[in-house]
Amino acid sequence: MTAVVPADADDDSGDAIEVFRAAADAARQAADVAVPGNSIAMTSSPEDAIEVKARLASAHKEIVRARKAALEAQQAARDLIERKRRELEQMMRDANALLAPLQKQMDRLQDGISAVNLYLGRDEEIIPIREGERASADEVVILRQTTLNMDEETAFLADEGGMDFSNIGEFVDWLHADQRNVDQIIPETKGVVALQPRGRWKDYAGDPFADAAMNAANRETFWLVRNGENLWLTTAPFSVGEHAVPRADLFTEMFDETVGAERRPMQPGSSAWIRAEEAADELTRHYMKVALLLQGLVDRTKVFHPLPKGGLSFIDQAAYDRGVVRVITDDENALAAVRQPFTEWLKERTASLDTGMRVVGSFGWGRGFRLYEDKKNYEPANVSPQGCQPPDGVYTIKRIQDRWFDFSFTFDRTDNVYDRYRGYTKPQRKATGKFSVGDKFVIPLDNVTVEEMEEYLAARSERQHYQVMFPLLRAAIAFKKAEQAKEQPFRDALVAVLAQTSGYDDLDAVGDAADDLIRWYKTANKWHRPLNADDAKASRLILAEHKRRQTPTSDATLAAIHETAPDAIVIARRTNDYIAVVPEARQYPEAVTPANVWATIITFNTTGTEKNRNAWQTITRAQVAKWTILHQTNTWDSWELDPNKETRLTDAEIDEFLDFLLHHPTQLVSSRDRHTLASPHKHTPFRVVYSERGTNDDRDRTVATIHLASDDNKHYTRDARAIRKADDLRFYLDYEYESHDSNRNDRLAWRTNYWDSIRPGKVIWQDDEVEAALAAAITARSERREASRKRSGAARDLAIAVRGQWTDLAWARLRARYVEDFGDDELWDEHKKTLREPRYPHWKSHYGSSSDFLTVLTGRLLDAGIDPAGMSVVEAAAVAPGDPIVIPDDCVELRYPATPKG
């Protein structure tokens, strides 16, 4: 029985459903006719049983046919419904495509209405700040390109995260209070500049939605209009963004795209080009709104009056061409930074700190000072014991050798500690704070000047750092000025003495000389402190230094020093003698060891005769502070002062370190008894990699890695450290570890640049013969592994092909049983769909992996070089080497393909 779908069913899903219903009813009727009443057949003899079985098989066949017809009708109905659904969806997409231009037109009209509202001043507010005489009509109107941030300009509430939209009143008062504040924002006599309360995100209540709404208010645009002595602040419900006028390259950049690492123009007509055109159109309308808003101020108000002859327009290009309006781009003002960026300056100044110098610190929340260990990011606390809060103020520091930090300071604790005998008491010991080069919660005091700090306070380009920068700079400036006031009596007395004894004609020159001598004394002195008027020692040393500076050096003396030390990079005068600095000639190349650390210092008397020389010396800033430099070369400019001797070895010390690595008693033969990862094989060194690097984790280390070749052709490594404590240099050797890069990846490899390396390691010794032999052995092992891998793959593919035969035989057996039950195989394909795939039963699990006799058999054959093509598994088992393999009864008919796959 079959179902026939009418010709018009393709056009009517209802007809298809009716066909399905008819087919389903026919199937039910066929079942009722074929199996009337009780479906359990009763028989009384074998002959009756055979007849009953045949009758039941015939009934089963009719029912299966009827069911098949019903399922075919059902599928036809489903296909028709799905086709209709896709057609309807396409119709909806076509309708939306027709509506899309209308929606765009509506959006543009709405955008135009918003632009007209800006021109008309809807919801606009104008706040008069200052009143006075207006600029002349001929004065050029200046429009500044960049939107300024009020919080960065004023630095209000810097300790509390800065001002926001709720402090607009304080900003107005700030402008009204001082004309210098107005000139800072808009120095031109007639002009306009865009401002927003703040440009950086500010956390409020912790609710992300509330914070987003309040930060949106922080980006609302205000316009500051200046006309002579008059000043107005106006706002409208419109956010300009970072620029009130587009950058010159903004629109051209929009039509460039990045392909790989290359920036190139887009292909005209491409989808990216079309999207860029739409974005450019939207951006054009955005900046047109800015022009309309400003033009509305011209046409509706008198803030720009008197107007120039011919009128004033922010829209018409002719006004710009006539010079009536001019745009200033990229912060063209006198407030730009004249020094390096603040963060670089701070890092440079903290890097030059040394023991005895002073810093001013502010350790409030958000500055990076950790009271407790950050376990998530593996960062230690900046204070010990943890939790102790240092008060803001001035501290004298020490340079330390620490894994994480460079400097430390101490402070009195204000917390209580518990003792089971005495209860809560005040701690007897001070707490220790620590910081590193570049940390933003400290500013050095002794190697900075008030002038440079005031320049950073005034630099607009550095205002983005005001939350961190302003409190520290203000505190440092206040401290420096207070110290200068304390030192003023000492300075006045020194100026008086110098004026009387040295014959200065210019009093300013006397003051400059006194300031320079005071800086010299405080820099040369290890522990920095202010100078008092009765400081006899300071007076004596400063006057002696001044006398030395006043005494000229003869040309004969300088020539004699040059003759003795022609390679000197610096020649300097000290209080009673002269010195010359000659760089040491390194036996290792500069890539291995720096050439600007070790030098020979030659001492000369006042006539230029050599007194003594000290080889392999480092130079400190305190030494240089006591010198008057008479001659120097470009090499001296990059010389490393105050080097860390723990990470700097002389050539002789490197040789000693290398000898230790190559001839250490436990080096060549390791012991398993001491370390579980040790190798029992003999090791032969073939390469030593050395580094005076220091890392973020181990910043004060001199390390080396020795590479070893074992007698079983494995690559091992062993790390070593050189540690200097005072004048004692010690070497430590770690256990050997297997190099997985070489031994598992089948190639000889080593790393010389580890994570966070400041200076990558370099090879200082190698044995080419041992290295070549190891590389050849590793290559041979790699080739053997590759051949084994290919054999394993071929064995796997052959076993899969043979298992496929078992599956075919299993299906054949099931089909034979079906024919036995139902007389023929007419409906076998339908019946097969109701059966599960026959499961191969001969897998065996062994330590988490599965195998079977076919895997073992095929692997043995291929490993022995026997091609099993065309063999039965019984024949193959007979010729396979090794222990006998038992072939299951249901697999004896299996045979390897005549042509092996793979």
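Which residue's side chain does Arg613 meet in a salt bridge? Its partner is Glu610, with 2.9 Å from N to O. That pair is taken up again in point 4, after a few words on the whole chain.

1. **Overall picture.** Please keep in mind that this is a predicted model. The protein has 902 residues, and 40% of them count as buried. Its secondary structure comprises 23 helices and 30 strands. Among contacts with a separation of 6 or more, 66% are between residues 24 or more positions apart. The exposed surface comes to about 50500 Å², with carbon and sulfur atoms supplying 51% of it.

2. Glu454 and Lys481 form another salt bridge, with 3.2 Å between the closest N and O atoms. Since Glu454 is part of helix α11 (residues 450–458) and Lys481 is part of helix α12 (residues 466–502), the pair ties together parts that are 27 residues apart in sequence. Buried or exposed, or something in between? Glu454 counts as partly exposed because its relative accessibility is 35%. Lys481 also has a relative accessibility in the partly exposed range, at 43%.

3. **Back to Arg613 and Glu610.** Arg613 is partly exposed, with 43% relative accessibility. Glu610 is partly exposed as well, at 33%. Elsewhere, salt bridges with shared partners link Glu82, Arg85, Arg86 and Glu89 into one network.

4. **The five-stranded sheet.** If you follow the strands across this open sheet, the order is β27-β26-β25-β24-β28, and the pairing is antiparallel. At the edges are β27 (728–738) and β28 (762–766), each of which pairs on one side only. From one strand to the next, the twist averages 25°. Strand β24 (residues 683–691) runs antiparallel to β28 and is joined to it by four bridges. Within this pair, Val688 stands opposite Trp765 of β28.

5. **Helices on that sheet.** Which strands does helix α18 lie across? Helix α18 (residues 651–663) lies across β24, β25 (702–710), β26 (715–725), β27 and β28, and runs at about 40° to β27. Helix α20 (residues 768–822) also packs on the sheet, where it touches β24, β25, β26 and β28. The direction of α20 makes about 110° with that of β24.

6. **The nonpolar cores.** The largest nonpolar core has 26 residues, and the members that touch the most others are Trp223, Leu294, Phe304, Leu312 and Phe314. Two or more residues come from each of β2 (141–144), β4, β5 (222–227) and α8 (271–300). The most are given by α8, with six residues. Taking Leu294 as an example, and leaving aside neighbours within four places in sequence, its contacts are Leu143, Val192, Trp223 and Phe314. A second, separate core holds 22 residues, among them Ala795, Leu862, Ala880 and Ile887.

7. **A buried asparagine.** Asn181 lies in helix α5 (residues 179–185). Its relative accessible area is 13%, so Asn181 is buried. Apart from residues up to four places away in sequence, Asn181 touches Trp174 and Leu175.

8. **The three-stranded sheet.** This open sheet is antiparallel and has the order β12-β10-β18. Because β12 (393–396) and β18 (442–444) stand at the edges with a single partner strand each, one side of each has no neighbour in the sheet. On average, neighbouring strands here are turned by 30° against each other, direction ignored. Four bridges connect β10 (residues 358–361) with β12, and the two run antiparallel.

Terms used: Residues numbered from 1 in each chain as written. Predicted model: local features only at pLDDT ≥ 70, side-chain atom pairs only at ≥ 80, totals over all residues. Heavy atoms only, no water. Salt bridge = Lys/Arg side-chain N within 4 Å of Asp/Glu carboxyl O. Buried < 20%, exposed > 50% of the residue type's maximum accessible area, 1.4 Å probe, protein only. Contact = heavy atoms within 4.5 Å. Areas by Shrake-Rupley, 256 points an atom, 1.4 Å probe, with all protein chains shown as cover. Pairing = 2+ DSSP bridges. Axes fitted to C-alpha atoms, helices over the stretch in contact; angles between N-to-C directions. Core = buried A, V, L, I, M, F, W, Y, C linked by side-chain atoms within 4.5 Å.
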